[in-house]
Amino acid sequence: MNPELPLNNSSIFVYGTLMQGFTNPFAKKIRQNGIWRGKASFAGALYDLGDYPGAIYQPQSPHRVQGEVWELEEFQKTIAALDRYEGIQARNPEYVRQSIPVTLENCADGVCWTYLFCQSVESFIFIPHGDYRKWLSDGKQHL
């Protein structure tokens with residue numbers, strides 16, 4: 001059994017344009033209002049949706065979605081802004097916010113919030129290595 005990840009209800013897993021190094025204003029908001037907890041992954045699938053990725057949590061998947069864990073300060077204020085940005089309250093949302101198990105690079109396990117894609121992935125490209133930053137650096141983004 002892996003050691004417990006020191007996470008609480010204010011931790012968030014990000015895997016796309018909300019990660020470090022992206023100019024997205026909400027990525028900056030996370031960095032300004034968060035504490036870096038490290039690189040992490042979860043069992044599932046990552047898809048290229050065009051300008052950004054979408055992940056699906058699949059507990060039995062052999063694939064991993066790669067990302068980062070942040071502990072948000074002023075959690076309620078920051079998560080409300082992120083919920084609006086991700087459009088989770090739209091009539092037909094692309095994403096839902098869900099609590100999922102993650103594993104940090106040091107093999108510690110924990111649970112944190114993330115935004116999961118909740119539409120059909122039929123017409124999107126599967127990213128087999130689950131790393132959106134690598135996908136972009138390989139020049140494979142589907143626009």
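This is a predicted model: local features need pLDDT of at least 70, side-chain atom pairs count only at pLDDT 80 or more; totals for chains, interfaces and linings use all residues.
Author: Residues are numbered from 1 along each chain as its sequence is written, and side-chain values use heavy atoms, with hydrogens and water left out.

Reader: Why is α1 called roughly antiparallel to α2?

Author: The axes of α1 (residues 25-32) and α2 (residues 75-86) cross at roughly 165 degrees and come within 11 Å. Angles over 145 degrees count as roughly antiparallel, under 35 as roughly parallel, 65 to 115 as roughly perpendicular and the rest as oblique; α1 is therefore roughly antiparallel to α2. Axes are lines fitted to C-alpha atoms, for helices over the stretch in contact, and angles run from 0 to 180 degrees between N-to-C directions. Helices (H or I, at least four residues) and strands (E, at least two) are DSSP runs, numbered from the N terminus.

Reader: Which residues make the contact of α1 with α2?

Author: Phe26, Lys29 and Ile30 of α1 meet Thr78, Ala81, Leu82 and Tyr85 of α2, where contact means heavy atoms within 4.5 Å. By class, five are nonpolar, one is polar and one is charged. Ala, Val, Leu, Ile, Met, Phe, Trp, Tyr, Cys and Pro count as nonpolar, Asp, Glu, Lys and Arg as charged, and the others, Gly among them, as polar.

Reader: What makes a space a pocket?

Author: On a 1 Å grid over the protein atoms alone, a pocket is an open set of points where a 1.4 Å probe fits, with protein on both sides within 12 Å along at least five of seven lines; lining residues have an atom within 4 Å of a point. The largest pocket has 14 lining residues, and Thr17, Pro53, Tyr85, Glu86 and Tyr95 are the closest to its centre. This lining divides into nine nonpolar, three polar and two charged residues.

Reader: Which classes make up the lining of the second largest pocket?

Author: That lining has three nonpolar, four polar and five charged residues. Among them are Lys39, Glu68 and Arg133.

Reader: What makes phi of Glu74 worth a remark?

Author: Phi of Glu74 is near 50 degrees, a positive value in a residue other than glycine. Glu74 is in the loop between β4 and α2. Cys107, also not a glycine, has a positive phi of about 75 degrees, and Cys107 lies in the loop between β5 and β6.
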